[in-house]
Amino acid sequence: MEHTVTTLPAARQPGCPFDPPKELIDAREHSPISRYPFPDGHQGWLVTGYDLVRSVLADPRFSSRKDLMGHHPTIDYGDIEIPPAPPGEFLLMDEPQHSRYRKPLVGKFTVRRMRLLTERVEQITAEHLDAMQKAGPSADLVTAFAKPIPAIVICELLGVPYEDRGSFQEHIDTFLGGEAGDEELIAAYLATQRYLAQLVAAKRANPTDDVLSDLLDSDLTDEELQGMALILLSAGFDTTANMLALGTFALLQNPAQLAALRTDPALTDGAVEELLRYLSVAKTFMRTTLEDVELGGQTITAGTTVILSLNTANRDPERFTDPHTLDLRRQDGGHLAFSHGIHQCLGQQLARVELRVALPALLDRFPTLRLAVPAEEVALRPEIADIYGVKSLPVTWDA
């Protein structure tokens with residue numbers, strides 16, 4: 001039978017900070033695809049099953065173009081016309097525009113190149129663990145550990161001066177955190193754009209050894225480089241920061257899995273993949289059909305907006321055994337945490353290096369690490385945030 005989900009949940013179930021909202025899990029149990037009436041009256045679809053989400057992500061008939069995303073899951077835009085994505089912001093584009101921006105970057109983020117960064121990530125991690133230990137025996141793991149490590153790494157890759165890190169980090173928090181009003185969002189976005197315009201101009205005048213400077217020899221305009229830098233900075237910082245904090249929270253709440261990781265470092269790679277699947281911090285994407293498409297026994301007509309629930313896809317019992325259990329020894333891989341298809345995360349190997357280095361180092365440095373507040377008091381990001389995570393994570397340890 002055809003199933004309908006009338007509203008998207010605004011919060012997670014009490015006591016279940018790592019699980020997708022119950023309404024989405026229930027929808028997946030009914031059907032891997034459900035009708036979804038958008039607030040503006042548009043009749044769209046919600047896809048919750050692994051196989052269907054993966055197929056949509058790989059299908060060029062489902063567009064990522066910003067100007068076609070005229071229907072918001074929770075907001076009625078009214079008569080507002082959505083403009084195309086600004087130059088360089090390739091996540092919101094289809095081919096061939098998408099490849100124009102992505103192809104020059106692919107070689108900069110290969111597995112080999114990212115592994116070469118391991119020693120630098122280890123150094124940055126050690127410095128922040130030293131500072132935590134000196135200031136301890138308590139800390140907010142978000143500000144002391146989870147945010148600064150990926151922020152420094154991506155800034156160094158792009159050639160962002162260290163002293164500028166704090167301001168751009170604050171602006172990115174504002175427009176990705178899900179709690180700012182429209183005026184605050186616009187102000188943060190414009191401030192970031194102004195900064196990046198100045199950064200690109202500085203690189204033109206004085207190139208340095210970084211990804212942004214490497215792109216100056218191409219035919220990309222300053223405006224295009226600015227848009228590309230925005231995508232790389234925001235994606236390279238926010239997703240990994242939330243994975244580090246939320247991943248630590250999840251391990252602390254699963255002591256048997258935490259103990260296994262502490263005693264067997266060989267579990268690290270698998271543990272990172274399982275945390276990526278289990279938490280799915282980039283939880284929802286949207287696409288718009290360019291033509292009529294048959295999907296899961298339904299006809300999705302041209303111009304229809306489709307919501308893709310990656311967190312329920314990564315908890316699909318038809319794809320993963322006992323999917324709601326965190327199992328660091330899990331063998332059934334293939335999660336969609338980095339998406340799939342042409343928009344699969346460009347920086348996924350960088351994120352893996354950071355997670356593989358930072359999480360074990362934290363656990364090794366602080367064998368008695370634990371929450372400093374009851375789990376239910378940990379402040380979560382709102383469900384409408386683009387990236388899920390915790391706003392703060394108070395921890396303590398034995399000095």
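These legends walk through a few views of one predicted model, from the whole chain down to single residue pairs.

**View 1. The whole protein chain.**
Let's start with everything on screen. The protein chain has 15 helices and 10 strands. Along the principal axes, its C-alpha atoms fill a box of roughly 60 × 55 × 40 Å. How does the radius of gyration fit with a compact globule? A compact globule of 399 residues would come out near 21 Å, and the protein chain has 21 Å, so the two agree.

**View 2. Inside the fold.**
Now think about what is tucked away. Of the 399 residues in the protein chain, 53% count as buried.

**View 3. An open sheet of 5 strands.**
Follow the strands across and you get the order β1-β2-β8-β5-β3, with mixed pairing. Which strands are at the edges? They are β1 (33-37) and β3, each of which pairs on one side only. While you're looking at strands, here is a handy rule: in a regular strand, side chains alternate between the two faces of the sheet.

**View 4. Where β2 meets β8.**
This pair runs in the parallel sense: strand β2 (residues 43-47) and β8 are joined over 3 bridges. To find your way, pick out Leu46, whose bridge partner in β8 is Ile307.

**View 5. β5 and its two partners.**
Move along the sheet to β5. With strand β8 (residues 305-309), β5 pairs in the antiparallel sense over 5 bridges. On the other pairing, 2 bridges join β5 (residues 284-289) to strand β3 (residues 62-63), and these two run antiparallel as well.

Last stop: an open space in the protein. The second largest pocket has a volume of about 350 Å³. How many residues line it? There are 22, and Gln13, Gly15, Cys16, Pro17 and Leu380 lie nearest the centre of the pocket. What sort of residues make up this lining? Sorted by class, the lining has 13 nonpolar, 4 polar and 5 charged residues.

Terms used: Residues numbered from 1 in each chain as written. Predicted model: local features only at pLDDT ≥ 70, side-chain atom pairs only at ≥ 80, totals over all residues. Heavy atoms only, no water. 1 Å grid on protein atoms, 1.4 Å probe; cavity = no way out; pocket = protein on both sides within 12 Å on 5 of 7 lines; lining within 4 Å. Points joined across faces, edges and corners; volume = space filled by probe spheres on them. Nonpolar A, V, L, I, M, F, W, Y, C, P; charged D, E, K, R; others polar. Pairing = 2+ DSSP bridges. Helix = DSSP H or I, 4+ residues; strand = E, 2+ residues; numbered from the N terminus. Rg over C-alpha atoms; globule rule 2.2 N^0.38 Å. Buried < 20%, exposed > 50% of the residue type's maximum accessible area, 1.4 Å probe, protein only.
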